[in-house]
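Colleague: Could you take me through this model before I plan my reading of it? I would like to begin with one detail and widen the view from there.

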Amino acid sequence: MRKANSTNSINENRLHLLCGMSHALSVIGGRWKASILFSLTDGCKRYSELRKDIPGVSERMLVAQLRELEADGLVERTVFPEVPPRVEYALTDFGRSTQPMLREISAWGAKHRKS
């Protein structure tokens, strides 16, 4: 963990303030975040449904990425007071606003990936 007042942290924060692309990539960046957001475009899902939708993601990484998306306001987590407890994840309005961008990035990647 780096210090908040380090030159690297200061430069990163300045870049996020000045560059929209940098900020967007910091929010949706990561190996699994885009896949999680894309999976939730179909509506709210339980954790187990997300695991099935995203092959290869570990439980630890899915939990960590969901927590980051929730902290950034893209995903909301709803816990239902049942036995056993039921938890659902859904996109917030802010999260839904990423859909056009994710579609374009996906199309660009599909067009330019090497077969």
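**Sheet, helix and core**

Modeller: Strands E1 and E3 pair in the antiparallel sense, over two bridges. Please keep in mind that this is a predicted model.

Colleague: Which residue is the bridge partner of Arg-46 in E3?

Modeller: The partner of Arg-46 is Glu-88.

Colleague: And in what order do the three strands of the sheet lie?

Modeller: The order is E1-E3-E2, in an open sheet with antiparallel pairing. E1 (45–46) and E2 are the edge strands, each pairing on one side only.

Colleague: Lys-45 is in E1. Is Lys-45 buried or exposed?

Modeller: Lys-45 is buried: its relative accessible area is 10%, and the cut-off for buried is under 20%.

Colleague: What lies 3.0 Å from a polar atom of its side chain?

Modeller: That is the backbone oxygen of Ser-39. Beyond residues up to four places away in sequence, Lys-45 touches Ser-39, Leu-40, Leu-50, Asp-53, Val-87, Glu-88 and Tyr-89.

Colleague: Let us change topic to the helices. How many helices and strands are there in the protein chain?

Modeller: The chain has seven helices and three strands. Along the sequence they follow the pattern α-α-α-β-α-α-β-β-α-α.

Colleague: I am curious about H5. What span should its 13 residues have at 1.5 Å a residue?

Modeller: They should span 18 Å, and the end C-alpha atoms of H5 are 18 Å apart, which agrees.

Colleague: Which residues of H5 are buried?

Modeller: Leu-62, Gln-65, Leu-66 and Leu-69 are buried in H5. Viewed down the helix axis, the buried residues of H5 fall within an arc of 100°, so they line one face. In general, an α-helix has 3.6 residues a turn, so residues three or four places apart point the same way.

Colleague: Which exposed residues are on the face turned away from that side?

Modeller: The face of H5 turned away from the buried side carries the exposed residues Arg-60, Arg-67 and Ala-71.

Colleague: What do the buried residues of H5 pack against?

Modeller: They pack against H2, H3, helix H4 (47–53), strand E2 (75–80) and E3. Just after H5, Gly-73 takes a positive phi of about 85°.

Colleague: How many residues does the largest nonpolar core have?

Modeller: It has 18 residues, and those with the most contacts inside it are Ile-36, Leu-37, Leu-40, Leu-74, Val-75 and Tyr-89. Helix H2 (20–28), helix H3 (33–39), helix H5 (59–71) and strand E3 (86–91) each supply at least two residues of this core.

Colleague: What does Leu-74 touch?

Modeller: Leaving aside residues up to four places away in sequence, Leu-74 touches Val-27, Ile-28, Leu-37, Leu-69, Ala-90, Leu-91, Thr-92, Phe-94, Gly-95 and Thr-98.

Colleague: One more residue, please: where is Glu-82 found?

Modeller: Glu-82 is in the loop between E2 and E3. Glu-82 counts as partly exposed, at 37% relative accessibility. A polar contact of 3.1 Å joins its side chain to that of Arg-86. The C-alpha atoms of Glu-82 and Leu-69 are separated by 25 Å, although these residues are 13 apart along the chain.

Colleague: And what about the chain as a whole?

Modeller: Of the 115 residues in the protein chain, 28% are buried. The C-alpha atoms fill a box of roughly 50 × 40 × 25 Å, taken along the principal axes.

How values were computed: Residues numbered from 1 in each chain as written. Predicted model: local features only at pLDDT ≥ 70, side-chain atom pairs only at ≥ 80, totals over all residues. Heavy atoms only, no water. Core = buried A, V, L, I, M, F, W, Y, C linked by side-chain atoms within 4.5 Å. Buried < 20%, exposed > 50% of the residue type's maximum accessible area, 1.4 Å probe, protein only. Helix = DSSP H or I, 4+ residues; strand = E, 2+ residues; numbered from the N terminus. Contact = heavy atoms within 4.5 Å. Expected span 1.5 Å × (residues − 1). Arc of directions from axis to C-beta. Pairing = 2+ DSSP bridges. Polar contact = N/O pair within 3.5 Å; in protein donor to acceptor, adjacent residues only side chain to side chain.
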